[in-house]
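User: I would like to go through this structure term by term. For each label, please set the value against the definition and then conclude.

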Amino acid sequence: MVEGKVVVVTGAGGGIGRDIALAMAAHGAKVVVNDIGAALDGAGGSAGPAQQVVDEIRAAGGQAVPNTDNVADAASAARIVQCAVDSFGRIDAVVNNAGILRDRFFHKMSVDEWDSVLKVHLYGSYYVSRAAATHFKEQNSGALVHMTSTSGLIGNFGQANYSAAKLGIVALSKSIALDMQKFNVRSNCIAPFAWSRMIGAIPTDTDEQRARVDKIKQMTPAKVAPLAVYLASDAAGAVNGQIFSVRNNEISLISQPRPVRSIHRSEGWTPQSIAEHAMPAMRASFFALDRSADVFSWDPV
């Protein structure tokens with residue numbers, strides 16, 4: 001599917017990123033495996049995880065190079081893209097997968113916890129995509145695959161920073177899709193459901209919790225990889241500005257914000273008339289939207 005293409009995968013030292021990097025290589029891509037080797041909260045760093053994935057790819061007969069630059073810094077992110085160009089002569093696709101967590105209930109969240117998560121997820125996706133965009137424009141082709149989350153699409157407890165970043169990525173992807181489609185550049189999002197260290201701290205204190213975690217563990221990171229490979233391939237040439245989710249063997253197309261109900265009043269609205277007429281008429285729609293979100297209420301990644 002991606003024979004001869006050069007693909008950057010960020011956060012590829014483990015979890016979903018690792019499986020995407022392995023799948024890209026298995027389907028013929030030359031891969032830049034980017035990972036700083038940090039802890040889940042972004043602390044520390046090691047070249048080991050990226051190198052291990054590269055070793056796996058090479059052992060299977062594929063081509064890959066490691067990279068440990070940080071997506072959260074503009075200059076460092078640009079070096080990730082340059083690594084692809086220096087190593088393989090071009091860049092054809094980017095998978096923005098790198099991420100950290102700093103979960104905290106909103107009324108307790110610090111500025112650093114907010115800022116650090118947005119820096120990696122949202123700024124990181126922008127920095128790497130922007131560095132690649134110049135090459136994509138010049139060669140009149142390219143694909144961007146961004147990892148969003150149901151935390152952003154429907155919300156989640158204790159993740160205001162992560163949710164804001166992940167929904168911001170959706171808007172970023174949509175805008176890139178609009179701006180760069182005339183250069184044959186595509187931008188799409190995946191909201192993955194998969195067991196990884198990002199959700200490895202889910203409590204297992206009761207039988208109900210253990211059963212829930214056992215169900216989630218069936219959704220392996222490898223299940224997400226085929227869609228990422230497809231979206232990076234020429235076969236996805238007509239797919240742009242979309243949001244997908246992958247849950248085990250299920251792929252879903254996610255709806256994008258559109259009006260679901262409108263009410264017109266020729267004399268205009270007052271706060272009182274909104275309370276008496278508009279909101280009662282819309283409450284059924286509130287319930288319907290809430291119920292549709294329940295379909296994706298399993299632990300997001």
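**Reading the labels**

Analyst: The chain exposes about 14600 Å², and carbon and sulfur atoms supply 53% of that area. Accessible areas come from the Shrake-Rupley method with a 1.4 Å probe, and for residues only the protein chains shown count as cover. This is a predicted model, in which local features need pLDDT of at least 70 and side-chain atom pairs count only at pLDDT 80 or more, while totals for chains, interfaces and linings use all residues. Residues are numbered from 1 along each chain as its sequence is written, and side-chain values use heavy atoms, with hydrogens and water left out.

User: How many helices and strands does the chain have, and what makes a run a helix or a strand?

Analyst: There are 9 helices and 8 strands in the chain. Both are DSSP runs numbered from the N terminus: a helix is H or I over at least four residues, and a strand is E over at least two.

User: Why is Ser 125 called buried?

Analyst: Buried means under 20% relative accessible area, exposed means over 50%, and partly exposed is in between (1.4 Å probe, protein chains only). Ser 125 has a relative accessible area of 4%, so the residue is buried. Ser 125 lies in helix α4 (residues 111-139). Contact means heavy atoms within 4.5 Å; leaving out residues up to four places away in sequence, Ser 125 touches Asn 96, Val 120, His 146, Ile 169 and Leu 172. Of the 301 residues of the chain, 47% count as buried.

User: Why is His 146 called buried, and which residues is His 146 in contact with?

Analyst: The relative accessible area of His 146 is 0%, therefore His 146 is buried. His 146 is placed in strand β5. Beyond its neighbours within four places in sequence, the contacts of His 146 include Asn 96, Ser 125, Ser 129, Ile 176 and Cys 189.

User: Why is Cys 189 called buried?

Analyst: Cys 189 has a relative accessible area of 0%, so Cys 189 is buried. Cys 189 is in strand β6 (residues 185-193). With residues up to four places away left out, Cys 189 touches His 146, Thr 148, Ile 169, Val 170, Ser 173, Gln 242, Ile 243 and Phe 244.

User: What makes a space a cavity, and how many cavities of 30 Å³ or more does the count give?

Analyst: On a 1 Å grid over the protein atoms alone, a cavity is a set of points where a 1.4 Å probe fits but cannot get out; lining residues have an atom within 4 Å of a point. Grid points are joined across faces, edges and corners, and a volume is the space filled by probe spheres set on the points. The count comes to 1 cavity of 30 Å³ or more. About 30 Å³ of space lies in the largest cavity. Its lining consists of Val 170, Ser 173, Lys 174, Cys 189, Gly 241, Gln 242, Ile 243 and Gln 256. Helix α6 (residues 160-180) gives the most to this lining, with 3 residues.

User: How is the lining of the largest cavity divided by class?

Analyst: The lining has 3 nonpolar, 4 polar and 1 charged residues. Ala, Val, Leu, Ile, Met, Phe, Trp, Tyr, Cys and Pro count as nonpolar, Asp, Glu, Lys and Arg as charged, and the others, Gly among them, as polar.

User: What makes a set of residues a nonpolar core, and how many residues has the largest nonpolar core?

Analyst: A nonpolar core is a set of buried Ala, Val, Leu, Ile, Met, Phe, Trp, Tyr and Cys residues joined through side-chain atoms within 4.5 Å. The largest nonpolar core has 35 residues, and those with the most contacts inside it are Ile 20, Met 24, Val 31, Val 33 and Ile 190. Elements that each supply at least two residues of this core include β1 (6-9), α1 (15-26), β2 (30-34) and α8 (225-232). Apart from this core lies another, of 32 residues, among them Cys 83, Tyr 127, Ala 133 and Ile 176.

User: Why does Ala 225 count as buried?

Analyst: Ala 225 is at 4% relative accessibility, so Ala 225 counts as buried. Ala 225 lies in helix α8. Ala 225 and Asp 19 are 206 residues apart in sequence and 6.0 Å apart in space, C-alpha to C-alpha.

User: Why are Asn 140 and Asn 248 called partly exposed?

Analyst: Asn 140 has a relative accessible area of 37%, so Asn 140 is partly exposed. Asn 248 has 24%, so Asn 248 is partly exposed as well. Asn 140 is found in the loop between α4 and β5, and Asn 248 in the loop between β7 and β8 (250-253). Phi of Asn 140 is positive, near 60°, and phi of Asn 248 is positive at about 60° although the residue is not a glycine.

Key: 1 Å grid on protein atoms, 1.4 Å probe; cavity = no way out; pocket = protein on both sides within 12 Å on 5 of 7 lines; lining within 4 Å.
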